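Trainee: I would like to learn how to read a structure by its contacts. Could we take the features in turn?

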Protein chains: 2
Amino acid sequence: MKKLTQSLEDYIEAIYVINLSSKVIRVKEIAKFLNVKTPSVVDAVGRLTEKGLVIHEKYGYLELTDKGYKLAKEVNDKHEKVYKFFNKVLGVSDNISKKDACNIEHYISKETMDRMIKFIKFVDTCPEGYPEWLKNFNYYAKHGRHPSKCTKNNVSK
Amino acid sequence: MKKLTQSLEDYIEAIYVINLSSKVIRVKEIAKFLNVKTPSVVDAVGRLTEKGLVIHEKYGYLELTDKGYKLAKEVNDKHEKVYKFFNKVLGVSDNISKKDACNIEHYISKETMDRMIKFIKFVDTCPEGYPEWLKNFNYYAKHGRHPSKCTKNNVSK
DNA sequence: TAAAATTGTTAGATTAGTCTAACTATAAAC
DNA sequence: GTTTATAGTTAGACTAATCTAACAATTTTA
């Protein structure tokens, strides 16, 4: 199966996300979610239907096929991981992390994704808790210089 | 001035990069660089010319205007930083770092870019040299677990 | 249950980006 | 200095993604 375009990935992810909080999916909700007009949604849904990713009863509800669900989940997982990496590791603000994750999720290769995920896990499972070096990075980002001593494991409190 | 599209950013960056190693820029070289056909280049160059970013003598050479040069350099700098972050910090392979940087450079916001740059600098200027924690991350990425002791600053050799 | 409101669809236009094929200008080689 | 090769351009087609405006189906409500 050919890769989806960025746009179609956005649509299928939107359907997935909407479906998390409501059992019923409508053209209008997708339009609202993605800030587009309904004809654009109808168009996109048509293309997703052709690919066997979505079932759409005319004038009725939409649902993801199994294949569509799987794909949508993959896209959304990527999104979540990139968001988390930007926000929790790099310390980017919530809004911008979301926005950037949303944009770049379509373009990150498996290998890079894999390293990001490992990085997040590396931080989350650090034996010393929130890692000293990450505290140091936040200090560095704020003050433009390393904290006075960082050759020893100096916990400040 | 309106932001360039991804595609136009690629074209203007290509011109900039080609220009680094050769004084003369031709339609054909751009086409080769970006893996597109010459009519696509002509088309794109036309749009860049309209925006006052490029000067193109018909059937002749191309050059960047001052404005074009400035913009192209910004795009390329972003590219370089993202590449370096993926490659040097995350440890992504050379090829994939390049490919991913090339794709996502168009979508990263200033804030995220800023944090990435700071992260690279944080690593590069670490008082202990190549940071212990980054060694630990590489170990973690390879073996799936943290090295046996990392609560002390244990230099292994 | 008929009118009104909401939601969904279709048709047609527009922009961007790409291509192939045909053509034209310039440069190189003889 | 013609011919030939190379490089650049134009025309026309195609795909994807969006929109507005007009229309159709469904649902709500009075």
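Trainee: Is A:Phe122 buried or exposed?

Mentor: Note that the model is predicted. A:Phe122 has a relative accessible area of 4%, so the residue is buried; the cut-off for that word is under 20%.

Trainee: Which aromatic partner does A:Phe122 have, and how is the pair described?

Mentor: A pair of aromatic rings is described by the distance of the centres and the angle of the planes. Here A:Phe122 pairs with A:Trp133 at 6.4 Å centre to centre, with 20° between the planes, and the pair is stacked. The two residues are 11 residues apart and link distant parts of the chain: A:Phe122 is in helix α6 of chain A, A:Trp133 in helix α7 (residues 132-143) of chain A. A:Trp133 is at 6% relative accessibility and therefore counts as buried.

Trainee: How many aromatic pairs does the structure hold?

Mentor: Over all chains there are 24 aromatic pairs. One of them is formed by A:Phe119 and B:Phe137, with centres 4.5 Å apart and planes at 55°, which makes the pair tilted.

Trainee: Why does the pair of A:Phe119 and B:Phe137 join two chains?

Mentor: Because A:Phe119 belongs to helix α6 (residues 110-124) of chain A, while B:Phe137 belongs to helix α7 of chain B. Both A:Phe119 and B:Phe137 are buried.

Trainee: That leads to the interface. How many residues does the contact take from chain B and from chain A?

Mentor: The contact takes 38 residues from chain B and 38 residues from chain A. About 3700 Å² is buried between chain B and chain A, and 67% of that area is on carbon and sulfur atoms.

Trainee: In chain B, which residues lose the most area to chain A?

Mentor: They are B:Tyr107, B:Arg115 and B:Phe122, which together account for 19% of what that side buries.

Trainee: Which helices of chain B supply the side that touches chain A?

Mentor: At least two residues come from each of α4 (66-90), α5 (94-104), α6 (110-124) and α7 (132-143) of chain B. The largest share is that of α6(B), with 8 residues. By kind, the residues on this side of chain B are 19 nonpolar, 12 polar and 7 charged.

Trainee: Let us turn to salt bridges. How many does the structure hold?

Mentor: Side chains of opposite charge can pair when their charged atoms come close. Over all chains, the structure holds 18 salt bridges. One of them is between the side chains of A:Arg47 and A:Asp43, at 2.9 Å from N to O.

Trainee: Where do A:Arg47 and A:Asp43 lie?

Mentor: Both are in helix α3 (residues 38-50) of chain A, 4 residues apart, about one turn of the helix. A:Arg47 is partly exposed, with a relative accessible area of 34%, and A:Asp43 is partly exposed at 45%.

Trainee: Which residue forms a salt bridge with B:Lys73?

Mentor: The partner is B:Asp77, and the closest N and O atoms are 3.3 Å apart. B:Lys73 and B:Asp77 are 4 residues apart in helix α4 of chain B, so about one helical turn separates them. B:Lys73 is partly exposed at 32% relative accessibility, and B:Asp77 is partly exposed with a relative accessible area of 32%.

Trainee: What does the salt bridge of B:Lys84 and B:Asp124 link?

Mentor: The side chains of B:Lys84 and B:Asp124 meet at 2.8 Å, N to O. This pair links distant parts of the chain, since B:Lys84 is in helix α4 of chain B and B:Asp124 in helix α6 of chain B, 40 residues apart. B:Lys84 counts as partly exposed at 28% relative accessibility, whereas B:Asp124 counts as exposed at 52%.

Trainee: One last residue. Is B:Val75 buried or exposed?

Mentor: B:Val75 lies in helix α4 of chain B and counts as buried, at 7% relative accessibility. Leaving out residues up to four places away in sequence, B:Val75 touches B:Glu9, B:Glu13 and B:Glu105. B:Val75 and B:His106 are 31 residues apart in sequence, and their C-alpha atoms are 7.8 Å apart in space.

Technical notes:
Residues are numbered from 1 along each chain as its sequence is written. Chains are lettered from A and ligands numbered from 1 in the order in which they are written. This is a predicted model: local features need pLDDT of at least 70, side-chain atom pairs count only at pLDDT 80 or more; totals for chains, interfaces and linings use all residues. Side-chain values use heavy atoms; hydrogens and water are left out. Contact means heavy atoms within 4.5 Å. Buried area is the accessible area (1.4 Å probe) that two parts lose on being put together, summed over both. Ala, Val, Leu, Ile, Met, Phe, Trp, Tyr, Cys and Pro count as nonpolar, Asp, Glu, Lys and Arg as charged, and the others, Gly among them, as polar. Rings of Phe, Tyr and Trp (its six-membered ring) pair if their centres lie within 6.5 Å; planes under 30 degrees apart count as stacked, over 60 as edge-to-face and the rest as tilted. Buried means under 20% relative accessible area, exposed over 50%, partly exposed in between (1.4 Å probe, protein chains only). A salt bridge is a side-chain nitrogen of Lys or Arg within 4 Å of a carboxyl oxygen of Asp or Glu.
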